[in-house]
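Student: Before we look at anything, could you take me through how one reads the interior of a protein chain, and then its overall form?

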Amino acid sequence: MLDFNFRNPTNILFGRGKIATINEHISPGSRVLILYGGGSVRANGTLAQATAALAGYTLFEFSGIEPNPSYETLMKAVELVQDESIDFLLAVGGGSVIDGTKFVAAAALFEGEPWSILLDRGASIERALPMGTVLTLPATGSEMNRGAVVTRRALQAKLVFHSSHVFPQFSVLDPEKTYSLPLKQISNGVVDAYVHVMEQYLTYPVNAMVQDRFAEGLLLTLLEVGPRALADPEDYDLRANLMWSATMGLNGLIGAGVPQDWATHMIGHELTAAHGLDHAQTLAIILPSLLTVCQEDKWAKLLQYAERVWGLKGGGEETRIEAAIALTRKFFEQMRIKTHLSDYGIGEESIPRLLQQLETHGMVALGERQSVTLDVSKKILEMSL
């Protein structure tokens, strides 16, 4: 096992009715900005519940945070925070709203051009406004981690930043808030969570037995509950296990003391920025191809994945690996997400532009061994056609 430091200060408020308790976690007299996306949190009553819980506070609202939150939109929220002397942020929504709120929390107190937060991946953040979240879409794990992704539309750039200053102070996870979600968002959430786990698990062995078993348990849980969550949208236990799996998949626990990959995400980000695909769609496209192209580097863990997650024990090693990758793709398709670029009308002519963007953003040596060069990324994209 690799050496590591682990800290996660987010207080999780899990279960029915927990929104009503958020006033216990925000200082009295705070000026609170509630940030959200579209009208769904109004329609399903989540916004009203959050507002009611904060009776007596000075409240402001900022709506319109997009999927793949844009720098341009978020800077309008930063302006509102500064104009109204906001001192607490409450994100009500899924990962995009939470990611965007993290950026606002840091940018509002940032001395300098806020875009540099993305360019240096958060290294220049010295402080941020306190924030909490009310999660409505299980997927990204942003409700319990220090990372965020922001897109600058004008540059077609989708970049990641991390900072311990943007950990949410608390996050409400009420599985009932997922009942009204479109099934497409559940599909996306399951695939997103699955690939988050794979990025931290499927690298190379370092004898991290606890992390491996945790990761395998999460993968098996997602395989079990994902399709059932589509078939039975109001089964509380299914949605509870899905929600907690997604949170546990990226709160730092299974990634402590192990090598991590993230090449699938970095290549996927360029697909979203250039072609507007959903984040989960890009992951479902790239991961099976990456596992195939990079299987030599990942051989031992692919065999472990094949046996422990898919129960594949017979036959030659290469046969088992190929079968595990094929079953992974089949699972994504079962979750109603297509797994080839051609399914989305994207052809070979798009690859040079994607590679150029990877180079522009410094993504020229990706993966747990830094072996996913631009040439390897090209092979992955070509296999994804």
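**Reading the core**

Tutor: In the largest nonpolar core, which has 66 residues, Y194 and Y305 touch the most other members. Helix α6 (residues 183–201) gives the most to this core, with 9 residues. This is a predicted model, in which local features need pLDDT of at least 70 and side-chain atom pairs count only at pLDDT 80 or more, while totals for chains, interfaces and linings use all residues. Residues are numbered from 1 along each chain as its sequence is written, and side-chain values use heavy atoms, with hydrogens and water left out.

Student: What is a nonpolar core?

Tutor: In soluble globular proteins, nonpolar side chains tend to be buried together. A nonpolar core here is a set of buried Ala, Val, Leu, Ile, Met, Phe, Trp, Tyr and Cys residues joined through side-chain atoms within 4.5 Å, where buried means under 20% relative accessible area with a 1.4 Å probe, counting protein chains only. Apart from the core of 66 residues lies another, of 38 residues, including V97 and M131.

Student: Which residues is Y305 in contact with, leaving aside its neighbours within four places in sequence?

Tutor: With contact taken as heavy atoms within 4.5 Å, Y305 meets Y194, M198, Y201, L202, L219, W310, A324 and T328.

Student: How many of the residues in the chain are buried?

Tutor: Buried residues make up 58% of the 385 residues. Among contacts between residues at least 6 apart in sequence, 78% join residues at least 24 apart. The C-alpha trace spans about 65 × 45 × 45 Å along its principal axes.

Methods: Buried means under 20% relative accessible area, exposed over 50%, partly exposed in between (1.4 Å probe, protein chains only). Helices (H or I, at least four residues) and strands (E, at least two) are DSSP runs, numbered from the N terminus.
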